[in-house]
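This report walks through one protein model, from its helices to its salt bridges and surface. Please keep the sequence and the coordinates at hand while reading.

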Amino acid sequence: MKIAGSVALVTGADRGLGRAFARELVSRNAARVYGAARNPAAVTEPGVTPIALDVTNPERVARVARECADVTLLVNNAGVMKASPFIGAPSLDAARLEMEVNYFGTLSICRAFAPVLAAGGGGAIVNMLSVTSFYTSPLDPSYSASKAAELSLTNGIRMELSRQGTLVVAVHASFIDTDMAAGIDVPKISPQSVARQTFDAVEAGEIEVLADERSRFVKASLPRDHELIYVPLQQVFFDVPAKDSV
Ligand SMILES: NC(=O)c1ccc[n+]([C@@H]2O[C@H](COP(=O)([O-])OP(=O)(O)OC[C@H]3O[C@@H](n4cnc5c(N)ncnc54)[C@H](OP(=O)(O)O)[C@@H]3O)[C@@H](O)[C@H]2O)c1
């Protein structure tokens, strides 16, 4: 689909990658860009229409879908990452929050907007996933689980919406230079690059974006994931000698 003339809605558009998505859509001449955020006053990108939306509030999601019934391109970007382990976390709170926002929030918006997109001729959904949709990162284990669930829902809705002609695009990246990765001193891709690659894919009708080298490496390594991904991580993060790795 063409971005020019489309009507887009981006969740989490007040900062980070969501803001870059909104800016890129405006620069590609989208007819309208709704910038959804928990605090709409923080959506200050020129050319973007602020909308109040907490993705975990089902009533609000339903209302936004009614109010923005002209949307043809839905960008599910809002997300949380609590850097929480499975076993060592003090409670299930972080894991539940990540599932609530990253998985159930995205699912709820996809369900609300599916008829809107159908009425507009099909359109497209972009789900902002992660390299951790493919494997469990020791830096953010329960977030990885939520992003794996979000990949599963992305693959599922692609099938369920295929008859109505909705393109469903999965975007994977490792570290992006935003607040979410601010505490980690590693090479990061720019949010602008992720946004450009994403909308190039939408325009080309492609279903997957592997935005950086780490994402491409991990996806290519999946047939040998234990040997190529988990054993090296176990050695680095848990001091397990190579011969003891299981
Ligand atoms: N940064 C990375 O390294 C990286 C890598 C791969 C994938 N991603 C994914 O990229 C997406 C954007 O992340 P980012 O890097 O831009 O992170 P960020 O700077 O932390 O921004 C997160 C955004 O999500 C919004 N959000 C959180 N909970 C929400 C809720 N319940 N309802 C509505 N909005 C909510 C935040 O709104 P508030 O301002 O109100 O908090 C903010 O706009 C996420 O899905 C993330 O998982 C990030």
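## Helices, contacts and surface

Helix α4 is mostly covered, since 14 of its 20 residues are buried, where buried means under 20% relative accessible area, exposed means over 50%, and partly exposed lies in between (1.4 Å probe, protein chains only). Helices (H or I, at least four residues) and strands (E, at least two) are DSSP runs, numbered from the N terminus. The model is predicted, so that local features need pLDDT of at least 70 and side-chain atom pairs count only at pLDDT 80 or more, while totals for chains, interfaces and linings use all residues. Residues are numbered from 1 along each chain as its sequence is written, and side-chain values use heavy atoms, with hydrogens and water left out.

Just after α3, Gly-121 takes a positive phi of about 105°.

The protein chain as a whole holds seven helices and seven strands, and from the N terminus on its elements run β-α-β-β-α-β-α-β-α-β-α-β-α-α. Its radius of gyration is 18 Å, close to the 18 Å that the globule rule gives for 246 residues, so the chain is as compact as a globular protein of that length. That radius is taken over C-alpha atoms, and the globule rule is 2.2 Å times the number of residues to the power 0.38. Along the principal axes, the C-alpha atoms fill a box of roughly 60 × 35 × 30 Å, and 50% of the 246 residues count as buried.

A search of the whole structure finds 14 salt bridges, each being a side-chain nitrogen of Lys or Arg within 4 Å of a carboxyl oxygen of Asp or Glu.

| Pair | Distance |
|---|---|
| Arg-19 and Glu-45 | 3.0 Å |
| Arg-28 and Glu-203 | 3.3 Å |
| Arg-63 and Glu-67 | 2.9 Å |

The side chains of Arg-19 and Glu-45 meet in a salt bridge. Because Arg-19 lies in helix α1 (residues 16-27) and Glu-45 in the loop between β2 (32-37) and β3 (48-52), this pair ties together parts that are 26 residues apart in sequence. Arg-19 is partly exposed at 24% relative accessibility, whereas Glu-45 is buried at 9%.

Glu-203 forms a salt bridge with Arg-28. This pair links distant parts of the chain, with Glu-203 in helix α5 (residues 191-204) and Arg-28 in the loop between α1 and β2, 175 residues apart. Glu-203 is partly exposed, with a relative accessible area of 29%, while Arg-28 is buried, with 16%.

Arg-63 and Glu-67 both lie in helix α2 (residues 58-67), four residues apart, which is about one turn of the helix. An α-helix has 3.6 residues a turn, so residues three or four places apart point the same way. Arg-63 counts as partly exposed at 44% relative accessibility, and Glu-67 counts as partly exposed at 41%. Elsewhere, salt bridges that share partners join Lys-2, Glu-24, Arg-28, Asp-200 and Glu-203 into one network.

Two further pairs are described by C-alpha distances. Ala-37, in strand β2, is buried with a relative accessible area of 2%, and its C-alpha atom is separated by 7.4 Å from that of Pro-50, 13 residues apart along the chain. Phe-175 is found in the loop between β6 (167-172) and α5 and is partly exposed at 22% relative accessibility; the C-alpha atoms of Phe-175 and Pro-187, 12 residues apart along the chain, are separated by 7.2 Å.
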